[in-house]
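Keep the sequence and the model side by side while reading.

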Amino acid sequence: MQADMNIGMLGHVDHGKTTLTKALTGKWTDTHSEEIKRGISIRLGYADAYIYQCPKCQTFLTQPNCECGGKPKLLRKVSLVDAPGHETLMTTVISATSILDGVIFLIAANEPCPQPQTNEHLLVLNSTGIKNIIVVQTKIDLVSKEKAIESYKQIKTFLKGSNAENAPIIPVSANSNLNVDALLRAINDNMSPPKHDETAQLRMYASRSFDVNRPGTIINELKGGVLGGSIVQGILKKGDQIEIKPGITRKEGAKSTTVICTVQSLMEESESLDVARSGGLIAIATTLDPSLTKSDALVGSVVGRKGEVPDPVDTISVKYQILERADMQNMPLRENEPVVINVHTSTGVGLLVKLAKGIATIKMKKSTVVYKDMHVAISRKIGQRWRLSAWGKIV
Ligand code: GDP
Ligand code: ZN
């Protein structure tokens, strides 16, 4: 069984994203140590949550054993997607909206609502138009019943008029596993899998690529390069021929080369698949020379069937809006300003060459594949850091 949707985890720092992900999946996603290359690339964390239900007592569980003695059945799997840090989390939600089918929005019960990042995450949620939202009121074990109700009312008021206005609010204590069953039920009932358009052209965004061979492996036993990413439309089968664009760039500034190869096998987490569609992180074992896939060399590329991926471009036009941020003064964009652009899983440096009528024209250092209406996150250098400042759509 493949995960049937991707759910982003949002919420103020320390409100319990990592802890809740662990409670739902048994995995820590907080392994982002060397994940931010040059401070601008984003490595998404994926972890599958298994949703079981006991046929005897109707309880929802994360595993197939129930206290009542019933034999819980696996209903479905959903993939939880996390990004490290506040800045990259917001950038991801904008640039990877096409990968996310819903959001779990965490708000702690033991702090006044909204905290600054809670506020910004709601702004981002509203900007992207993601509507499939469940609010989780975390750390419920740290407050009295009266405080919990007061916090609930604050959350309700805060969400009024937003995309999350009618979202269910589930109180949870993730580290003592309280009410996680109610959250599983809410996910199952409220987050129905998106329509998987299997007849559409295949499109996948590469978010990993690696060489799985140990140093010293003899040539006959070498395995082909592996590519990981999210399918957003279409299906992929064993034996399919695929193309990867922009593909490989030999050195900075050089033109990229499209890579073509055959799918040898497909995996989603620990499941081996004959056919893959959208949902979760798909790993493709390919016939490529592994030196082409090593060290995430193909991250940011688009995968499709041979002849179907548009050519990469080095100039993009974005109809943009400045993002209002509580934690910094956001000035209008300026011509000749360097920016970092995130689209799907691609991160690149560019120069703002023209601003006119709400449209920014950006010359990218490296070319990238884009589609019309695709969401774009624009970050600019403020002090020593790249900060998310605007977002928009490809025109
Ligand atoms: P993140 O920054 O949103 O990923 O937050 P973490 O999951 O790292 O949690 C921050 C801290 O809050 C950790 O020390 C957790 O153990 C603690 N924490 C998270 N959820 C709960 C909860 O439901 N109850 C209590 N008491 N502590 C929690
Ligand atoms: Zn039971």
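A backbone N or O atom of Gly16 lies 3.0 Å from an oxygen atom of ligand 1, a polar contact (a pair of N or O atoms within 3.5 Å). The side chain of Lys139 also places an N or O atom 3.0 Å from an oxygen atom of ligand 1. At Ala174, a backbone N or O atom is 2.8 Å from an oxygen atom of the ligand. Ligand 1 taken alone exposes 580 Å², of which the protein buries 74%; these areas come from the Shrake-Rupley method with a 1.4 Å probe.

The model is predicted: local features need pLDDT of at least 70 and side-chain atom pairs pLDDT 80 or more, while totals for chains, interfaces and linings use all residues. Residues are numbered from 1 along each chain as written, chains are lettered from A and ligands numbered from 1 in written order, and side-chain values use heavy atoms, without hydrogens or water.

Around ligand 1 stand 14 residues, each with a heavy atom within 4 Å of it. The closest are Asp14, Lys17, Thr18, Thr19 and Asp141. By class, this shell has three nonpolar, seven polar and four charged residues; Asp, Glu, Lys and Arg count as charged, Ala, Val, Leu, Ile, Met, Phe, Trp, Tyr, Cys and Pro as nonpolar, and the others, Gly among them, as polar.

Turn to the cysteines. The structure holds zero disulfides, a disulfide being a pair of cysteine sulfur atoms within 2.5 Å. Cys54 counts as buried because its relative accessibility is 0%, whereas Cys68, at 31%, counts as partly exposed. Buried means under 20% relative accessible area, exposed over 50%, and partly exposed in between (1.4 Å probe, protein chains only).

Note on methods:
Polar contact = N/O pair within 3.5 Å; in protein donor to acceptor, adjacent residues only side chain to side chain.
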